Structure formats: C-alpha cells, structure tokens
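Look at the sequence and the model first, then read on.

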Amino acid sequence: MSARAARDRSRTGRVSPRDLLGLGVFGLRTRPTRVVLSALGIAIGIAAMIAVVGISSSSQAALDRVLAGLGTNLLQVQPGQSFSGDTVPLPEDTVPVLQRRDDVDEAAGIGRVAGQNVYRNDRVPAGASGGISLDAVQGDLQSVLRAETVSGTWFGAASSDLPQVVLGATAAATLGIDEVRPTTRIWIAGRWVAVAGILAPLPLAPELDSSAFVPATGAEAQFGFDGHPTQVYARADPESVTAVRDLLARAVNPADPRGVSVSRPSDALAAQQATEASFTGLLLGIGGVALLVGGIGVANTMVITVLERRAEVGVRRALGARRRHIRDQFLVESLLLSLLGGTAGVLIGGAVTAVFAVSQGWPVVVPVWAVGGGLAATVVIGGLSGLYPASRAARIPPTSALAAV
Amino acid sequence: MSASTTVTGVDEAARASSPPGTGGDEIVLELTGVTKRYGDLAALDDADLVVRRGEFVAVVGPSGSGKSTMLNVMGTLDRPTEGTVRVAGRDIGELSDDDVSRLRADHIGFVFQHFHLAAGATATENVADGLLYAGVPRRERVSRARVALEKVGLGHRLDHRPHELSGGEKQRVAIARAIVGEPTLLLADEPTGALDSTSGAAVLQLLHDLNAGGTTIVVITHDLALAASLPRRVHVRDGVVSAAPPPAGGAATQSAGVAS
C-alpha cells in the first residue's frame, strides 16, 4: 500500500460539509423544473408573510415619522356636554389660562364664527358657501399644530389695509386657490379679505383643513366673533402628557370640568394602527398556512426523488457511502430546496413591500427579524420535510444499483 | 452440494504477511461455504472461491444461475446467509454496515452493465465521485479523476457529460470511476452487456490492459465467448459454483486454470 493510499485510508468516510453541499446542489441542478415548482410553495408562503410584516412595518414607520414631526404631546380641548346634554362653551380665557401653566409649553385655539360664510368673490350666490368654516385664531396656532404653509405666510405684517385670512388645505382647494399672490382676496361677511397663506393638511387636526382662519383680534368687530374658543390645542410637557391631560379640564373650567372634553389626537392615529395590527395577524396566519402547504410539497417532492433515485443510492453505497452519507445528502437537498424557496420568498415579499410602500409614500421597512425568522422557518421546514425521505433513502439496500436496469 | 472450486490450502500466515506489491499469492477475495437463501430458495449454495492478487476471473453462468447474488456477496453489497466472505483480509461477518461501506470505499471498484453515471455531471465529476467517500479532498479527487480518464483513453472527453458520450465511452468513464481509488478488487457486472460488439471488445481490451497493469478483476457475465477469453473461469449454475462448466452447459472451453 503506497504512502498516499495509506493516508487516504485513514480519512475514509469523511465527507466534508462542502462536498455535501455540492451533492445537494447537484441533485437540485439536474431537476430544475421540479425544484422551481416545489420551491414555489415555500416561496409563496414566505413572500406572503414578509409582505404582510413589511407593509405593516412600513405603515408604522410612516406613522412614526409623522408623529415624530408633529409630536405626541398635543392635547385637544373642546366643549363637552353638561348633565342636561347642552354643549358647554369653553371659557373665553381658556387659551391664556393654558398658556400660563408650567406643564403646558404652548397653547392656541380657534373660535368658530357662526353664521359667516366664505366666498371666492362677491358674485357667488349666498347658498354656494362650499362648507368652509370661519375660525378666529387665538394664540400661535401655526406653532402649536406645526402647520406648514404651502404658499404665502401665516399672518404676517399687514401688507394691505384689508383684513387677512389664512386658508386650510381643503378650504383653499374648494375655493380654487393654489397659490397666494399680493392681489389674492376672498369675500367674507360682505367685505374683501386678503389671503395671506395656504396651509398644508394638518394630520393632527384634520377638522381644521376646511377652515379659513382670521386673527381673533378684530374678528369680534369685523365678523361678529363671540370670544369663546371652540377648539383649543395645547402642547403638554412631553414628560407628563398623560398627567396634564387629566388636569386640563379642571384648569380650563374649575366650575364645570365635565363641560370640557380633552383628547389626544395622536392616540386616534395609534388606535387606527392597532386595528391594522390585528388584520396583520390574520394575514400572517394565512401566510403560515401557505408555508405549511409548501413544506408538504417539499416533503412530497423529496419522497418521489428518493423513489426515483434508488439506483443512484445503490451506486453511492457501492462506492462506499455509509447510510449516514446518503441520509445527509438527501437532507441537505431538502434544506437547500426549502432555503431556495425561502430566499425567493424573502425577495418577492421585499419587492411587494417596496412597491406598496413607495406607492403610499411610506418609507420601505422590511424588519430583519422577519427576514431572519422567515429563513429560519424554511430551514426548519426543509429539515422536517427531508427527515422522512432521507431516512428512507438511507435504508435503500446497496444492491439496488445492480437490480436497477 | 457443490463441487468446491479451485485453490485450497489458504495459508493464513502468508496472507497476513504478504507484503504489498509483491503480488503473486496474496488473497484478495475469499468465499468459504457461502450460502445465500431468499426464503426457501438458495440463490447461492455452499460456494467457495479464492481470488488472488493480479487475477482476471470470469464468473459465468446463464441468467438466474445465481451469479448476480454472487456478485452482491463478493462486493459486500449483501451479506451471506451462511459462510464467510473475506475481502482484503477482512471478514465481512465481523464488520458493521459502516465498516463494510468503508471497505468498499477503500478496496472495491464496481462497474455496472448500465454504467450508472450521474446524468448532469461531466466525465471528470463522475469519476471524482469514485473518491468522494474515501475521504479524498476535492482538488485531489479531480486531478486523480483526470489521470484515471486518461488511463482509460478518455483524456479528450474530460468535460463531456454522459449524453454526449457513446455507450463504449460511458462504460470507460464508469471503469475510470471504479479504478480511480486504486481498488484491491475490481468487480464488473456484464461490462459489455449493453454495448455493441466493437465497443464491447474495446472495453474488454481495456480491462485486459488494466489487469496487465496489476488490477485484480472479476467479471460477471453470461457471455461464454467473453469468458473464454479470460485466463480463468468460474461457472455458476443453480447456485452451485464449479471450476469446470457443468456437463449440460454448452461448448465453452473448460479447464479452469489458476491464473499467474
């Protein structure tokens, strides 16, 4: 026995992981159609789960981005109802009272002016008011709501003798005004009013998008404003938003705290998100079922593969393969098949998420845990699906190569 | 019962101490009183056979004679119901399934009638597979596979896949796969059975060349003419092994001689 042969003999029976991988890849490479079809089941399951998680995460990220920009410390104060069911107006000094509190950073409000309509010009019939409300602004509403102007400015230095108005996004669209020029003016309460600016939509106060804003100062004389705010917005100290929320009603109206309603607009958005989360759970379940069916498909494919390859197993046994080598070969093949489907699923799911998120204007977020979890699931599925076929292959007798024709 | 075949008087000491490479009387394969039963049917009945290093033996018999069973037993693919099988000095009966696999990887090369090559793999890859379970690193497997292919005259077909090869060429690849591990014993099952006569003759010539180079070969065949061309013949009929052709069995040359 030569020296080389002697060294070889001592290593007999060792099949490196890389060789096993090569065997698995080869086994799949020579049966491409079957591989694609059976990996497809896994791919669909994983893609469904990744897309569901990805879309939900992207939506969450979009909301988080909005909330980060707007802040979650905004509190909204509005008139509540008394015992008798009447609406209790907010006290006239609500805004200054809130502004004086230490736990409130800033506060502003609007008072809806009843009975006044807003028109594009003086020739529009009185009935065609377009549902635009006239709101008198107390305090720095733009700052409190983080309102952006898409055109013009918030109430600036008076550029003309006319009173000024700022339009909400919907109100501006209704009036057909998309840009502010020095000459832009509208008709309110029988007088011309200069348009100073147009606001972007207000995510935390969508009820104000169809409003036309005028300063409270002067509104009493010009438009008949009664001095009572109807919506007040306060920025609470971020550390104690919940506590402040509980205190505000009494602070605003010590005599009748029940007549004051306090809410937190960011809660509404979060609640909406929670509703979507339960829907996400359902879709995940459906994806899980698809994954299970895909796993059964892989097991089925592997069983058939083993049946077809008795001769190959026989040849390998004749070449010196142990039962373990045969079992490992088919197990690796099953794992690869499953992993291939899983990888394709992750890519498809990611692509679906990206397309959907971009079309919604959301950031694209595919959580790493979802990708890792998806791939881990496919490994588990591949292992389980391959276990039975592989152990069957390992039991094929070595004489099969000779018996086969 | 059988007429016991050929050679007797196995010298234990000689077998154990026979130094490598000196050839001659080193026993490579030894069947002693081997019986294989399937249910009530004895496919092989009390067979004895000794094959020494460097021999070229034909195991010949009609289909159903038990020669396939004999091949399975000789190749350690199946275990006998009774009797002992020794390959390269090791008693199969004492070995576990893993050890027998290891013995095959180290000592036995198989050539099949229907080649059994991997369809999508090149000639080199197919031949390299012959070393896969012998623990040879990949790079070395490939280089040794090339050498083996050149040895069987396929140096120009290294990267061809089986469907690009003729039947004779496929069988040469299969032979290369069987010899790439330098086996102690090469077992060929009807190696020319699926080939036309020209290719068959070429494959047979290749086996003769390998034998001349020192490879111990046992060919299982039903082809009396092929058997007649080999130095030594062992006849199998109804599970019984004999050195001479059975009386009823046709015209083949008799006198099973001991080779070398």
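## Terms and numbering

Two strands pair if DSSP finds at least two bridges between them. Helices (H or I, at least four residues) and strands (E, at least two) are DSSP runs, numbered from the N terminus. The model is a predicted one, in which local features need pLDDT of at least 70 and side-chain atom pairs count only at pLDDT 80 or more, while totals for chains, interfaces and linings use all residues. Residues are numbered from 1 along each chain as its sequence is written, and chains are lettered from A and ligands numbered from 1 in the order in which they are written.

## The sheet of chain B

Chain B has eight helices and 10 strands. Six strands of chain B make an open sheet with mixed pairing, in the order 6-7-8-3-9-10. Strand 6 (108–111) and strand 10 (240–242) of chain B are the edge strands; each has a single partner strand, so one side of each lacks a neighbour in the sheet.

Strand 3 (residues 56–60) of chain B is joined to strand 8 (residues 217–221) of chain B by five bridges, and the two run parallel. F56(B) has I217(B) as its bridge partner in strand 8 of chain B, and V59(B) stands opposite I220(B) in that strand. Strand 3 of chain B also runs parallel to strand 9 (residues 232–237) of chain B, with four bridges between them. In strand 9 of chain B, V234(B) stands opposite V59(B).

## Burial in chain B

A residue is buried if 20 or more other C-beta atoms lie within 10 Å of its own, exposed if 12 or fewer, and partly exposed in between, with C-beta atoms placed from the backbone. By this rule 51% of the 260 residues of chain B count as buried. Five of the five residues of strand 3 of chain B are buried, so this strand is largely enclosed by the rest of the structure.

In a regular strand the side chains alternate between the two faces of the sheet. From strand 3 of chain B, F56(B), A58(B) and V60(B) point one way, V57(B) and V59(B) point the other way, and all are buried.

## Where the chains touch

Two residues are in contact if their C-beta atoms, placed from the backbone, lie within 7 Å. The contact between the chains takes 28 residues from chain A and 31 residues from chain B. On the chain A side, the elements that give two or more residues are helix 1 (3–11), helix 2 (17–29), helix 10 (310–319), helix 11 (323–360) and helix 13 (400–403) of chain A. Helix 10 of chain A gives the most, with five residues.

The side of chain A that touches chain B has 13 nonpolar, six polar and nine charged residues. Here Ala, Val, Leu, Ile, Met, Phe, Trp, Tyr, Cys and Pro count as nonpolar, Asp, Glu, Lys and Arg as charged, and the others, Gly among them, as polar.

## Domains and a helix of chain A

Chain A is assigned domain 1 (17–67 + 270–403) and domain 2 (73–263), with bounds from an automatic or database domain assignment. The centres of domain 1 of chain A and domain 2 of chain A, taken over C-alpha atoms, are separated by 56 Å.

The expected span of a helix is 1.5 Å times one less than its number of residues. Helix 11 of chain A has 38 residues and should therefore span 56 Å; its end C-alpha atoms are 55 Å apart, which agrees. Just after helix 11 of chain A, G361(A) takes a positive phi of about 75 degrees.

## Single residues

Most residues other than glycine have a negative phi. R146(A) is not a glycine, yet its phi is positive, about 50 degrees. R146(A) lies in the loop between helix 5 (141–144) and strand 5 (149–152) of chain A, and it counts as partly exposed, with 16 C-beta neighbours inside 10 Å. H116(B), also not a glycine, has a positive phi of about 55 degrees. H116(B) is in the loop between strand 6 and helix 4 (123–128) of chain B and counts as buried, with 23 C-beta neighbours inside 10 Å.
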